Each structure stands twice: as C-alpha cells, then as structure tokens.
Amino acid sequence: MMQKIVIKMQPRCGRCRTKAMMIAAKASGSVSSVELQGENKNQMVVIGDGIDAAALTSSVRKKIKNASLELVQQL
C-alpha cells in the first residue's frame, strides 16, 4: 500500500539537503517520489510502498542531526 511520509529537518546547507534526499531514495521498499517542501525547503516528502518510516527518519537523523517524523499517511 502506498504511503506518504513527511520528515521535518533543519539542514545547514544545500549539500545536507542533497544527502537527505539520497538517503530517502535508497530507502528499503519501493520509493516512487522524494521532494522538498515548505518555505525553507525544510520538509522532505517521500512517497512509496513498504518504506519503514522510523528507520528512514533515523537514517536521515544520523546525517542531518535535526530530523523528526511529522506524518505517515496511507494513500
């Protein structure tokens, strides 16, 4: 079942945003879309099937330091 995961993060630079997006794209499961939203591009929206939201947030937190899981929604 497709799901939408929103992770709020506070990247320090554009390179950190790129690293976070690469982590999300390589997440286990079937990722179909990764995009940045919000006025400061501080929310990452991942859409896919079979993605472990907690593991993804933990992986992003290891690189970006400030990341929190905001929303998991079934589509």
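**Exercise 1.** Which residue in S3 is the bridge partner of Met-2?

*Solution.* The model is predicted: local features need pLDDT of at least 70, side-chain atom pairs count only at pLDDT 80 or more, and totals for chains, interfaces and linings use all residues. Residues are numbered from 1 along each chain as its sequence is written, and side-chain values use heavy atoms, with hydrogens and water left out.

Step 1. Helices (H or I, at least four residues) and strands (E, at least two) are DSSP runs, numbered from the N terminus. Two strands pair if DSSP finds at least two bridges between them.

Step 2. Strand S1 (residues 2-9) is joined to strand S3 (residues 43-49) by 7 bridges in the antiparallel sense.

Step 3. The partner of Met-2 in S3 is Asp-49. Further along, Ile-7 has Met-44 as its bridge partner in S3.

**Exercise 2.** State the order of the strands in the sheet and identify the edge strands.

*Solution.* Step 1. S1 also runs antiparallel to strand S4 (residues 67-74), with 7 bridges between them; here Met-9 stands opposite Ala-67.

Step 2. The open sheet consists of 4 strands in the order S2-S3-S1-S4, with antiparallel pairing.

Step 3. Strand S2 (30-37) and S4 each pair on one side only, and are the edge strands.

Step 4. On average, neighbouring strands of this sheet are turned by 20 degrees against each other, direction ignored. Axes are lines fitted to C-alpha atoms, for helices over the stretch in contact, and angles run from 0 to 180 degrees between N-to-C directions.

**Exercise 3.** Describe how the two helices H1 and H2 are placed on the strands.

*Solution.* Step 1. Helix H1 (residues 14-25) packs on the sheet and touches S1, S2 and S3, where contact means heavy atoms within 4.5 Å. The direction of H1 makes about 160 degrees with that of S2.

Step 2. Helix H2 (residues 53-64) lies across S1, S3 and S4, at about 155 degrees to S4.

**Exercise 4.** Which residues of H2 are buried, and why do they lie on the same side of H2?

*Solution.* Step 1. Ala-53, Leu-56, Thr-57, Val-60 and Ile-64 are buried (under 20% relative accessible area; exposed is over 50%, partly exposed in between; 1.4 Å probe, protein chains only).

Step 2. These residues cover an arc of only 95 degrees around the axis, which puts them on the same side of H2. The arc is that of the directions from the helix axis to the C-beta atoms.

Step 3. An α-helix has 3.6 residues a turn, so residues three or four places apart point the same way.

Step 4. The cover over the buried residues of H2 includes S1, H1, S3 and S4. On the other side of H2, Ala-54 and Lys-62 are exposed.
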